[in-house]
Amino acid sequence: MEYERLKKEDRPVLAVCYDFDRTLSPDDMQAQGFIQSVGENVKEFWRQSNELAKSNDMDMNLAYMLTMVKKCKGKFYMTREKLAEYGAGVKLYDGVPEWFDRIDEYGDSRGIIVEHYIISSGLKEMIEGTKIAKKFKKIYASSFAFDEYGVPEWPAQTINYTNKTQFLFRIEKGCLDINDHGGVNEYIPPENIRVPLRNIVYLGDSDTDIPCMKLVNSYGGHSIGVYDGATGDKSKVYSLLKNNRIRYFAPADYTEGSEIDRLVKAIIDKTAAYEKLEQKHVNDLLETRNAQK
């Protein structure tokens, strides 16, 4: 099967990758309408889901997906369209809807192509229902396989904290299709990499983001821990920074002029400057190779 593989652009690409729950939204997406609609208390829903995972030695994301399906029985059909409706009701942090276009425009003014990606353990079908879904080049999230009536019959994808990192490599090489195993494992000379890991920004809020944060850090990329400015609780980002998981932290306020706005723009400025030097190196390397043939 032929898969589309994106090639290196004529300008540097900066990929901004986001977790979703408590990174772009202040709460778990399932707790913003869905759980209430099946008549459950939020804490009790998660208790039952976690108990299901524990008693069956089960992935916790598969457990919450199964719990969602079971809780709907006798109440309503949990279709793709219904999940998108719940996604449309998910609350976003201040400034999120306007954030993407503004950052894209700033990147363009500095000669940088900015792309946005979701890498989340949340539910893809709900994220696709949000007002910001079309801002992402790709949404990687847990998802269902649906039957001919649009009803879930099996998990299509489950994304947990360990397998999140594969999507960074897909973005790096431009092999965005999750079934393109050959492309993501193919060797590509460093000068031909579409999005070097140094040009990846990862925003997250919790331990489930640590493998991605650690990977991005190790290659000179940029990991940012976000926290809820309304509560002011920085305990998690303090821990992440202390343990070298993140390089920066900021409140989850995406309005123009906010701390995270200034931070990402500074990263764009740094990327623009560094990539000019890197291009000089690549040009010199190619000249040397040609001269020695």
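1. Buried means under 20% relative accessible area, exposed over 50%, and partly exposed in between (1.4 Å probe, protein chains only). Arginine 47, at 46% relative accessibility, therefore counts as partly exposed.

2. This is a predicted model, in which local features need pLDDT of at least 70 and side-chain atom pairs count only at pLDDT 80 or more, while totals for chains, interfaces and linings use all residues. Residues are numbered from 1 along each chain as its sequence is written, and side-chain values use heavy atoms, with hydrogens and water left out.

3. The structure holds 20 salt bridges (a side-chain nitrogen of Lys or Arg within 4 Å of a carboxyl oxygen of Asp or Glu). Among them is the pair of arginine 47 and glutamate 44, whose closest N and O atoms are 2.8 Å apart. Both residues lie in helix 2 (residues 42-55), three residues apart, about one turn of the helix. Helices (H or I, at least four residues) and strands (E, at least two) are DSSP runs, numbered from the N terminus. Glutamate 44 is partly exposed at 27%.

4. Arginine 198 and glutamate 275 form a salt bridge at 2.8 Å, N to O. Arginine 198 sits in the loop between helix 8 (181-185) and strand 5 (200-204), and glutamate 275 in helix 11 (residues 259-291), so the pair ties together parts 77 residues apart in sequence. Arginine 198 is partly exposed at 22%, whereas glutamate 275 is buried at 11%.

5. Aspartate 284 and lysine 280 meet in a salt bridge of 3.2 Å, N to O. The two are four residues apart in helix 11, about one helical turn. Aspartate 284 is partly exposed, with a relative accessible area of 32%.
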